[in-house]
Amino acid sequence: MAQDSLTVTDNRTNQTYTVPITKGAVRAMDFRQIKTGPEDFGLMTYDPAFLNTASCQSSITFIDGDRGILRYRGYPIEVLAEHCTFLEVAYLVLFGELPTEKELKNWVTEITYHTMLHETTKKFMEGFRHDAHPMAMLVSTVAALSTFYPEARDIQDPNNRLLQIKRLIGKMPSIAAMSYRHSLGFPYAYPDNDLSYPENFMNMLWRMVEPKYVATPALARALDILFILHADHEQNCSANAMRSVGSSHADPYLATAAAAAALSGPLHGGANEEVLKMLDEIGSQDNVPAYVKKVKEGHGKLMGFGHRIYKNYDPRAKIIKWTAERVFQVTGRNAKLDIALELERIALEDDYFIKRKLYPNVDFYSGIIYQAMGFKPEMFTVLFAIPRTVGWLAQWQEMLTDPEQKIARPRQVYTGHEVREFVPMEKRTPMAVSANSR
Ligand code: SDX
């Protein structure tokens, strides 16, 4: 009997089955053969929220949650953050190898060429209220791009996919900047394609009446590092949304909008905004013990703490902490950092968090940097979505080119009624809690 196999006995029938173990996993479909009789559909695996289910095979990102390891295409995140630019890492995540100097130059030129948005995007953006959440504006506007590029539906053509990928990477900062300027009531600033990716983003965010925007190098580099750290993270909630929507062969703009919508949730990318609200609520270092006590009593969560995969310190959080100190040398120290450091110190010593292996994640410190750079908390998740677009598109492309993949359509364990007799109107009784109650 092959060593890499699992033998199970169905005690309902005393039948024994052997299924192969490949790369540390068994195929759920290999359990379908386990039946109690010819009428039986066969055994399914039940895994709410996919706690222990691999939905795909992927070679993009590797995470070892126990050891706090994160690698893109085999390169440790620490090395990439130190030596690369974001667009260089975007090339690696998408195409699997670090680009040569010539390849990188061409890649940067291509992306820069696609920073401009169709002029009517302004009219679309103007439709939002002045206080519309920038993340909702971004999700809607990314979806609207689908109307400008109907050819994007041809997802089987690799050249067409690549063109849409370049457009999305080039245009995300432009859309983000437009939503930021809209929320402030400022006129939009056009891209300046003489600038690097982060500098051009800063230009579209912050250029006022000066003819040429000049970015502070330390802040531009900090943004570039933050973009690198947020580029991909294997099968997180929003990547799963991208793969699922993309598996129906929806165009990449609509799939990316769906992924961004998933990212906006406070348990996912929306956590960085929630961290700042939490630090504001705590108010000072002295109040930290009382807040931690409240969380331990089950009142709310420590936002920016915990992770489905990392049961150790999120390696990105360490790099963000290092980056924060460099940003503060330019912007001045954000007092919120002291509250965050005290919160981390207390939590890492407290058995409640140690037992649950709750450590700071990527969102714990990123918001403090963004706030110091002048962003409002509502923009923080938008800043997450810009670089994560690269990861979503890499996951999307890998899914489309994987011969094993098809439309994502999970099964269910049905717990509802068996077949019932119809009840005519006159015989119906009101429900315990009326569906009409507000
Ligand atoms: C991101 O998946 C990714 O890779 C995501 C991401 C990426 O790059 O794409 O890394 C980005 O989303 C980072 C996570 C940002 N979210 C937050 O910071 C929100 C706060 N964190 C939690 O909501 C939570 O930790 C999750 C959502 C991140 C993970 O949740 P899990 O894996 O479903 O864990 P769980 O909710 O089952 O928690 C296990 C236990 C529970 O306690 P018990 O029921 O066992 O008593 O830990 C507790 C939870 O109550 N717990 C927390 C906590 N997180 C989990 N308690 C207090 N504070 C927290 N933050």
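Student: How much space lies in the second largest cavity?

Tutor: In this predicted model, about 30 Å³ of space lies in the second largest cavity. Helix H3 (101–113) and helix H7 (197–206) are the elements that give two or more residues to its lining.

Student: What makes Ile111 and Asn200 lining residues of the second largest cavity?

Tutor: A lining residue has an atom within 4 Å of a cavity point. Ile111 and Asn200 are among the residues that line the second largest cavity, together with Thr112, Thr115, Leu195, Ser196 and Tyr197. By class, that lining has three nonpolar, four polar and no charged residues.

Student: Which helix gives the largest share of the lining of the largest cavity?

Tutor: That is H6, with four residues. The largest cavity holds about 160 Å³ of space, and Leu117, Met178, Tyr188, Ala189 and Tyr190 are the closest to its centre among the 16 residues that line it.

Student: Why is alanine 317 called buried?

Tutor: Buried means under 20% relative accessible area. Alanine 317 has 0% relative accessibility, so it counts as buried. This residue lies in helix H13 (residues 315–331) and touches Pro360, Asn361 and Tyr365, leaving aside residues up to four places away in sequence.

Student: How do you know that E3 and E4 pair?

Tutor: Two strands pair if there are at least two bridges between them. Four bridges join E3 to strand E4 (residues 69–72), so the pair meets that cut-off.

Student: What makes E3 and E5 edge strands?

Tutor: In the open sheet, the order is E3-E4-E5. Strand E3 (61–64) and strand E5 (75–76) each pair on one side only.

How values were computed: Residues numbered from 1 in each chain as written. Predicted model: local features only at pLDDT ≥ 70, side-chain atom pairs only at ≥ 80, totals over all residues. Heavy atoms only, no water. Buried < 20%, exposed > 50% of the residue type's maximum accessible area, 1.4 Å probe, protein only. Contact = heavy atoms within 4.5 Å. 1 Å grid on protein atoms, 1.4 Å probe; cavity = no way out; pocket = protein on both sides within 12 Å on 5 of 7 lines; lining within 4 Å. Points joined across faces, edges and corners; volume = space filled by probe spheres on them. Nonpolar A, V, L, I, M, F, W, Y, C, P; charged D, E, K, R; others polar.
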